[in-house]
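Reader: I would like to learn how to read the place where two chains meet. Could you take me through one case?

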Amino acid sequence: MGKYHANVDPYVVSRVRALESLLLERGVLAPDAVDRVIRRYGEAAGPLIGARAAARAWVDPAYRRLLLEDSKAALAAFALDFDRLVVVENTPAVHNLVVCTLCSCYPWPVLGLPPTWYKLPAYRSRAVSEPRQVLREFGLEVPAEREVRVWDSSAEVRYMVLPQRPPGAEGMAEAELVPLIPRDALIGVAEVRLGASPG
Amino acid sequence: MDGIHDLGGMHGFGPVEADPAERDFHAPWEPHVVACMEAGLAWPLFTIDEFRHSRERLGPVRYLEASYFEQWLDAVCRLLVEKGVVSDEELEARARVLQAHPESDAPAVVAPREPAPRAGVAQKTFRRAVTAPPRFRPGHPVVTRNIHPAGHTRLPRYARGKQGIIARAQGAWVFPDTNAHGLGEAPQHLYSVRFDGAELWGPSAEARVAVYLDLWDGYLDPA
């Protein structure tokens, strides 16, 4: 599948425009639908709800329990109506990793657009069979005594990792913590570190 | 379907290549494809299960060569042609018309037409109620069935005929194996099932790895 260069193949572009045009004519596509997609998933969408929920879970033990046990109620605190997220918590004993081997299922409402690597065969094939090696390639060595749990999103349940709060972040407020939490930590291929720029 | 999409455990795809600077869409047309797909789901013209199965039917070479959103474009177009919402000829003809006109000149709507028929009512949730209680409870050992349906399924090849443990009951959900083929939602209980890495991958499995899959009743037998 494609890499990172913009694909401006005129055949593809004209086919997209044709599809869009025919769906507009049949009333299926609203004229502002594309703008709404760009606003919802583009960079201007603002901090990920997943990062905001993780930060709140770190500072508020009751919210953490809610996020782990009733994510629908927890996400409602951020005005998100989403009934199928399971949040899995990283601990000293367990490191969690999320994948969809069969296609590319991903919790768009809390994490935005999935990164290209998540959707490509290398990750999808290897995350379930050699997760420790995959994590090593992301720069994360999980000690042998920590269990690695890989969540293959085979149904409509979506998964997000609640990373461990990094050492040194104990005194920080929720608003300060949000920008420290990169999307990759919420997928499970990174941990949160102070002083590192969020990937 | 034992197709190319069922990638879990395959070898040969090399290292994961992550671009840390990657953000947003990669080409201006990509959000347009997303909008069309989401509109198709919402109308509804098709179900998410039909969409996934359409993507699975791209063919192995096309599946691996096409960019992600090109796959989406192919999958949506095929579905709409199969359902009679548009024809290949209409798509081709409209594409030629629009390609001949730069973006700023061509009207998006060429000729107003009748609204498309709706294929049912789009639901906000995939959860359903079923009267029968779950067959399994957390802690129950199960074995997955050795099924190889030609159509859509969400039981990956790597997890067929494997022993696992019920980790959690997830409630009842639309069943994709029927819903992808217009055979109805046929909801079933869904379970999070835990598999030991060694059970799936044999002696070369990494130490202390567990894989969790969400699997429907119909994929499972008591162990």
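Reader: Which residue is the bridge partner of D152(A) in β5(B)?

Author: In this predicted model, D152(A) has L213(B) as its bridge partner in β5(B).

Reader: How many bridges join β3(A) to strand β5 of chain B?

Author: Two strands count as paired if there are at least two bridges between them. Here 5 bridges link β3(A) with β5 of chain B, residues 209–216, and the strands run parallel.

Reader: How many residues of chain A are in contact with chain B?

Author: A contact means that two C-beta atoms lie within 7 Å. By that rule, 66 residues of chain A touch 75 residues of chain B.

Reader: Which elements of chain A supply at least two residues each of that side?

Author: They are the helices α1 (10–25), α2 (33–41), α7 (116–119), α8 (121–126) and α9 (131–137), together with the strand β3 (147–152). The largest share, 15 residues, comes from α1(A).

Reader: What is the side of chain A that touches chain B made of, by class?

Author: That side has 37 nonpolar, 17 charged and 12 polar residues.

Reader: And what about chain A as a whole?

Author: Chain A has 11 helices and 4 strands. Its C-alpha atoms fill a box of roughly 55 × 35 × 35 Å along the principal axes. Of its 199 residues, 53% count as buried. As for contacts in chain A between residues at least 6 apart in sequence, 66% join residues at least 24 apart.

Methods. Residues are numbered from 1 along each chain as its sequence is written. Chains are lettered from A and ligands numbered from 1 in the order in which they are written. This is a predicted model: local features need pLDDT of at least 70, side-chain atom pairs count only at pLDDT 80 or more; totals for chains, interfaces and linings use all residues. A residue is buried if 20 or more other C-beta atoms lie within 10 Å of its own, exposed if 12 or fewer, and partly exposed in between; C-beta atoms are placed from the backbone. Ala, Val, Leu, Ile, Met, Phe, Trp, Tyr, Cys and Pro count as nonpolar, Asp, Glu, Lys and Arg as charged, and the others, Gly among them, as polar.
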